[in-house]
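Trainee: I have a model open and want to learn how to read it. Where do I begin?
Mentor: Begin with confidence, then go on to the fold and its details.

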Amino acid sequence: MTSTKRSAFVAASFLATLLLFAGAPLRAADSPESLGTQDWTLGLTPSSALKANGADVPAVSQAVPAMIAAPRGAGKALNAYFISVGQGDAEYIELPNGKTALIDGGPGNGYEPGNQPKDGTPVDPYAGGDPPIAAFITQHGITHIDYVVMTHPHRDHSTGLKYVFDHVKVEHFYDTRESNPNAPEIKTMRAQITRKGIVVSHPAAGERLSWDPAVNVKVLNSCDKPGSSVTGSVLNDCSIVLKVSYDNQAILYTGDIQEDVETELVAKYGDELHADVLKVGHHGSTNANDQAFLDKVKPSVAFIEVGPNSFGHPTQTTLSRLTKEGAKIFRTDKDGTQEYTIGGQAQLLVAR
Ligand SMILES: [Zn+2]
């Protein structure tokens, strides 16, 4: 998205939020190209708002000076970030009680199987220096994170976490018990985390995580029994899945679960899967995002964490299914880091 279009989009988001706050929907002709449509409606509720990364905010602030003087409401906001880290996952949450959570740390910049130099340089996912998530950590001045989750031991989710644990004080680490012998550095990182004295939990499906008394954080899937595999689908299906609910809205974080687990979740949780916001499964792959699963989630907004890749992520099939569900689609490769706010006087945040 060009900066002009992005600014227009943020302004449109702001206006949509204001109008919706007044009970009226907005239709905008100038849509971000990633939405793939020239005519869209921001179906956000009055207490939610969506914006692109913070770099755009000053321009909006200049454009909309008057309305932002309204007093803040009593309710505090939950801010959910979908971080642009290339081909991988990293999501950050600022909870209403001031605590923070990071779900996955994205990939590294180093050599992985298939992209290391031909001179015999060994695989070293850390070789390229700071990982993509470092920019977000720096820009937001993050020195402390209360809760870090590693959904599953794949490098596009785990490698950036080493940077986080090296540079940020972490209180609590949530992990699966599945190991990936093809990524021995994850075993090393897990040992380092334990040595640092960080509290480590391996939550089971059905557990609720006590992150904030006002926020319901429920684990819908995990591998809490010891296991080991080098098979991608087995590791993907071990992803910790979280449903985060606050102020009558919910965000579903799916990691990389594939269709078979999605089918299990539909059978186990049914309508409880509904979420306003979906962190789209497995970077938009078609081996996830089964139609029956999406029918239950029925998201209004879908964030796809994706970068340049050879897998064809996200697939047209997934994009079509999400569109059919009525979801507005945002992609970190095209739209950059995204923020979704629930509660509080969210429209003020957009214009701040
Ligand atoms: Zn992944």
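This is a predicted model: local features need pLDDT of at least 70, side-chain atom pairs count only at pLDDT 80 or more; totals for chains, interfaces and linings use all residues.

Trainee: What does the protein chain average in pLDDT?
Mentor: The average is 81, and 75% of the residues score at least 70.

Trainee: How many helices and strands does the protein chain have?
Mentor: Eleven helices and 19 strands. Of the 352 residues, 49% are buried. Now take the contacts with a separation of 6 or more: 70% of them join residues 24 or more positions apart.

Trainee: How do I read a strand? Take strand 4: which way do its residues point?
Mentor: List the side chains by direction, then check burial. Leu78, Ala80 and Phe82 point one way from strand 4, and Asn79 and Tyr81 point the other way. Both sets are buried. Five of the five residues of strand 4 (residues 78-82) are buried, so the strand is largely enclosed by the rest of the structure.

Trainee: Which residue stands opposite tyrosine 81 in strand 19?
Mentor: Glutamate 339. Strand 4 pairs with strand 19 (residues 338-342) in the antiparallel sense, over five bridges. Strand 4 also pairs with strand 5 (residues 91-94), again antiparallel, over four bridges. There, tyrosine 81 stands opposite tyrosine 92.

Trainee: Why is helix 4 called largely enclosed?
Mentor: Ten of its 13 residues are buried, so the rest of the structure largely encloses helix 4. Among the buried ones are Arg155, Asp156, His157, Leu161 and Val164. The buried residues of helix 4 pack against strand 6 (100-103), helix 3 (133-139), strand 7 (144-149), strand 8 (169-174) and helix 5 (184-195).

Trainee: Which residues touch the most other members of the largest nonpolar core?
Mentor: Val148, Val244 and Ala302, in a core of 71 residues. Look at the partners of valine 148. Setting aside neighbours within four places in sequence, valine 148 is in contact with Leu102, Leu161, Val164, Val170 and Phe173. Leu161 and Val164 are among the buried residues of helix 4.

Trainee: Is leucine 278 buried or exposed?
Mentor: Count its neighbours. Leucine 278 has 27 C-beta neighbours inside 10 Å, so it counts as buried; the cut-off is 20 or more. Leucine 278 lies in strand 16 (residues 277-279). Beyond four places in sequence, its contacts are Leu252, Val297, Pro299, Ala302 and Ala327.

Trainee: What is the bridge partner of isoleucine 304 in strand 18?
Mentor: Arginine 331. Strand 17 (residues 301-304) and strand 18 run parallel, joined by four bridges. With helix 9 (residues 316-324), they make a right-handed β-α-β unit. On strand 18 (residues 328-331), Lys328 and Phe330 point one way and Ile329 and Arg331 the other. These four are buried.

Trainee: Which backbone angles deserve a second look?
Mentor: Most residues other than glycine have a negative phi, and most peptide bonds are trans. In this model, a cis peptide bond joins histidine 313 and proline 314, with omega about -10 degrees. Proline 314 is found in the loop between strand 17 and helix 9.

Trainee: Where does histidine 283 lie?
Mentor: In the loop between strand 16 and helix 8 (291-297). Histidine 283 has a positive phi of about 55 degrees, although it is not a glycine. With 25 C-beta neighbours inside 10 Å, histidine 283 counts as buried. Asparagine 289 is also in the loop between strand 16 and helix 8. Its phi is positive too, about 60 degrees. Asparagine 289 has 29 C-beta neighbours inside 10 Å, so it counts as buried.

Technical notes:
Residues are numbered from 1 along each chain as its sequence is written. Helices (H or I, at least four residues) and strands (E, at least two) are DSSP runs, numbered from the N terminus. A residue is buried if 20 or more other C-beta atoms lie within 10 Å of its own, exposed if 12 or fewer, and partly exposed in between; C-beta atoms are placed from the backbone. Two residues are in contact if their C-beta atoms, placed from the backbone, lie within 7 Å. A nonpolar core is a set of buried Ala, Val, Leu, Ile, Met, Phe, Trp, Tyr and Cys residues joined through C-beta atoms within 7 Å. Two strands pair if DSSP finds at least two bridges between them. A crossover is right-handed if, with the strands pointing away from the viewer, the path from the first strand over the helix to the second runs clockwise. pLDDT is the predictor's confidence in each residue, from 0 to 100.
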